[in-house]
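I opened this entry to record what I looked up in the structure shown below, keeping to helix packing and a few side chains.

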Amino acid sequence: MKRVLYMSGIWMLMSLHCAFAKGFQGKPLPRKDEKLVKQMTGAVESFLKTLSPEQKNEAVVPYSDPSRFDWNFTPRARKGLPLKNMDAAQRKAAMEIVRVVLSQEGYSKTEQIIDLETVLRVVETRPAKDTYRDPENYAFQVFGNPGADPWGWRVEGHHLSLHFSSIKGNITFTPSFFGSNPGKVLAEVPQKGKRILKEEQDTAFELLQSMSKTQLEKVWLAEKAPNEIFTSNSRKASLDKMEGLAFGEMNAEQKAIFKRLIMAYLQRYHVTLKNQQWAELEKSGLDKIHFAWMGDQTPVIGPGRGHYYRIHGPAFLIEFDNTQNGGNHIHSVVRDLTNDFGEDLLKLHYEKGHP
């Protein structure tokens, strides 16, 4: 009898453990990033302390403000406080926020993307203080009160749009856009030869060129690449179906290359966020992730040239498009098909009865 009671108790403990692991309504509880949340919160608070009341009014809006979903990667007027309206100390504090949540590689890419605006001024023979190609038109916006629940922030400018939300000790980081124009700097400037998204491009070609004829028939969807990523700057990313070759259909060598390609995107972020996202991909099933291609099968720059690929899983999407300017103008984006802007976490947060 004692053994039956003992085993029953063990079973109940295991059941309770599983229930807590799944969370309410059968949904898994996300992994918390409390240390990183604290660092991110501190960096944003430090930045806000440097601002005047007028600057704070420009930089801070409620978390519920619709502008949180109004994002774009083209040159335009930006909501929030742009670098041009900050002094040197404020700029340093603003960029420190970016440094906290990205890896050193991701932070370097961010700085180089901003610097390409000066290259475009030269290429397009614009004046030094031109405001269309403007390395100072990168704006910071804070949503809600740092440390409250929920809250978030964004930095955005031409070819850069990074979004972070903090909800119950969890950080989300999509949508996340990195672009590069030129994809390879050809002009006679100090940045000549620079390729900011080199690994994202070269590893994809390595994977494509490893394909057998049969595999290529599944991967290559069209001879002509689209002139833009399909999901553009939509609030919610959506594609009708997963196409191409699934990870589970690849050989061991191809799987290794494919993992490197995915990691080329994830390693832009703080190691905690990188590991968090990779764990989610493994949980959803790597074998379900598809690789698809359109356009040129070799990296050629010239009139009419260009290529596109995507990495598409059940809840995860990466798009890479290099078709403008004769295949020398890159757009790349990482989207969470269920949790962009922290929307799924926010829904779960409210379902648990939080105000």
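Which hand does the crossing of H4 and H5 have, left-handed or right-handed? I found it right-handed, where a crossing is right-handed if the near helix is turned clockwise from the far one by less than a right angle, and left-handed if anticlockwise.

I noted that this is a predicted model, in which local features need pLDDT of at least 70 and side-chain atom pairs count only at pLDDT 80 or more, while totals for chains, interfaces and linings use all residues. Residues are numbered from 1 along each chain as its sequence is written, and side-chain values use heavy atoms, with hydrogens and water left out.

I then looked up the packing itself: helix H4 (residues 88-101) and helix H5 (residues 104-123) pack at an angle of about 140°, with their axes 7 Å apart. The contact (heavy atoms within 4.5 Å) is made by Met95, Val98 and Arg99 of H4 and by Gln104, Tyr107 and Thr110 of H5.

Next I checked Ser108, which lies in helix H5 and is partly exposed, with a relative accessible area of 26%; buried means under 20%, exposed over 50%, and partly exposed in between, with a 1.4 Å probe and protein chains only. I also recorded that Ser108 and Ile196 are 88 residues apart in sequence, yet 9.0 Å apart in space, C-alpha to C-alpha.

Last, I listed the buried residues of H6, which are Glu200, Gln201, Thr203, Ala204, Phe205, Leu207 and Leu208.

Definitions and conventions. Axes fitted to C-alpha atoms, helices over the stretch in contact; angles between N-to-C directions. Helix = DSSP H or I, 4+ residues; strand = E, 2+ residues; numbered from the N terminus.
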